[in-house]
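Colleague: I would like to learn how to read the features of a protein model in an orderly way. May we proceed from the overall fold to the local details?

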Amino acid sequence: MQPTVSSLEKHQTFRFTCSPDVTCFNACCRNLNQALTPYDVLCLKQFLEMSSGDFLNRYTEESTGPGTGLPVVSLRFSDADDLACPFVTDAGCRVYPARPASCRTYPLARGVSRDRKTGRLTEHWALIREPHCLGFTNGQRQAVDEWVDSQQIATHNHMNDKMLELISLKNRFRPGPLRPSERKRVYTALYDLDTFRNDPYYRDSNVATTADIQPLDRSRTGDLDLLIVAMDWVRKNLLIVSPEKA
Ligand code: SF4
Ligand code: SF4
């Protein structure tokens, strides 16, 4: 059976509860294609107390978005038949406090649209009912915004909206594939934040001397602020300048 997807407004309610008591416990942590956003990577590498480079090497694989030409980072799932997430255990998710945005949002999915005139973003929500998920049976009734609050997704959504803005700029100013060297720099800046922080190429590149970035001392800047700098670096250096200058 296929999942059913239905749109919901933020005030509308749905019935859902997930706990270790459900007989489908952990069923949703297998056989997935789990793309990670730059902020997901930041949270996971911090939680696991790893450098971003070690985290990426150990837990992820890289591909290229067919529509955007931008790097896509996904969790590397087990080679065994059940294609388990590397973080699922019999007791549940071992990175639960740092789980990715899509895991937090499930069984909802979030989309955004931008008003062309005002630039304002509007959120859209959908409820996904998958046949294997028993959380809808006898689940607690709650509104979409109550669920969103309970899952602590606000910063994820804020950072993911910034990433969507970057993707939109890429599609507008640099449609099609990036050159391999550019693609590598985008990957490093957005996902390998510790290299972006320490590697002299990124540390000393021209964006660091512009007025809006200069006050940030990268050796002391927190990861979240640095990710915002990195997004700005990508925007200014790679996406909206001519390829000759990149
Ligand atoms: S109830 Fe749904 S979300 Fe919870 S473990 Fe089962 S399949 Fe996963
Ligand atoms: S990160 Fe956690 S919640 Fe998300 S798929 Fe993996 S084990 Fe499940």
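The dialogue below moves from overall dimensions to domains, ligand shells, a sheet and the backbone.

Modeller: Please keep in mind that this is a predicted model. Its secondary structure comes to nine helices and 10 strands.

Colleague: How does one judge the overall dimensions, and what radius of gyration does the protein have?

Modeller: One sets the value against what a compact globule of that length would give. For 246 residues the expectation is near 18 Å, and the protein has 19 Å, so the two agree. The C-alpha trace spans about 55 × 45 × 35 Å along its principal axes.

Colleague: Into which domains is the protein divided?

Modeller: There are two: domain 1 covers 4-152, and domain 2 covers 160-245. Their C-alpha centres lie 25 Å apart.

Colleague: How many residues of each domain are in contact with the other?

Modeller: A contact here requires C-beta atoms within 7 Å. On that basis, 19 residues of domain 1 are in contact with 21 residues of domain 2. On the side of domain 1 that touches domain 2, the elements giving two or more residues are helix H1 (38-47), helix H2 (52-59) and strand S5 (71-75). H1 provides the largest share, five residues. By class, this side of domain 1 has 11 nonpolar, seven polar and one charged residues.

Colleague: Let us turn to the ligands. Which residues are around ligand 1?

Modeller: One lists the shell and then sorts it by class. Around ligand 1 are Cys18, Val22, Cys24, Phe25, Asn26, Ala27, Cys28, His132, Cys133, Leu134 and Gly135. These divide into eight nonpolar, three polar and no charged residues.

Colleague: Which residues are around ligand 2, and how do they divide by class?

Modeller: The shell of ligand 2 holds Cys29, Gln34, Cys85, Phe87, Val88, Cys93, Val95, Arg99, Pro100 and Cys103. Eight of them are nonpolar, one is polar and one is charged.

Colleague: How many bridges join S8 to S9?

Modeller: Seven bridges join S8 to strand S9 (residues 121-129), and the two strands run antiparallel.

Colleague: Which residue has a positive phi although it is not a glycine?

Modeller: Asparagine 26 does, with a phi of about 80°. This residue is found in the loop between strand S2 (13-15) and strand S3 (35-36). Asn26 is also one of the residues around ligand 1.

Colleague: Finally, which peptide bond is cis?

Modeller: One inspects omega. The peptide bond from tyrosine 106 to proline 107 is cis, with omega near 15°. Proline 107 is found in the loop between helix H3 (101-105) and S8.

Notes:
Residues are numbered from 1 along each chain as its sequence is written. Chains are lettered from A and ligands numbered from 1 in the order in which they are written. This is a predicted model: local features need pLDDT of at least 70, side-chain atom pairs count only at pLDDT 80 or more; totals for chains, interfaces and linings use all residues. Domain bounds come from an automatic or database domain assignment. Two residues are in contact if their C-beta atoms, placed from the backbone, lie within 7 Å. Helices (H or I, at least four residues) and strands (E, at least two) are DSSP runs, numbered from the N terminus. Ala, Val, Leu, Ile, Met, Phe, Trp, Tyr, Cys and Pro count as nonpolar, Asp, Glu, Lys and Arg as charged, and the others, Gly among them, as polar. A residue is near a molecule or strand if its C-beta atom, placed from the backbone, lies within 6 Å of it. Two strands pair if DSSP finds at least two bridges between them. The radius of gyration is taken over C-alpha atoms; the globule rule is 2.2 Å times the number of residues to the power 0.38.
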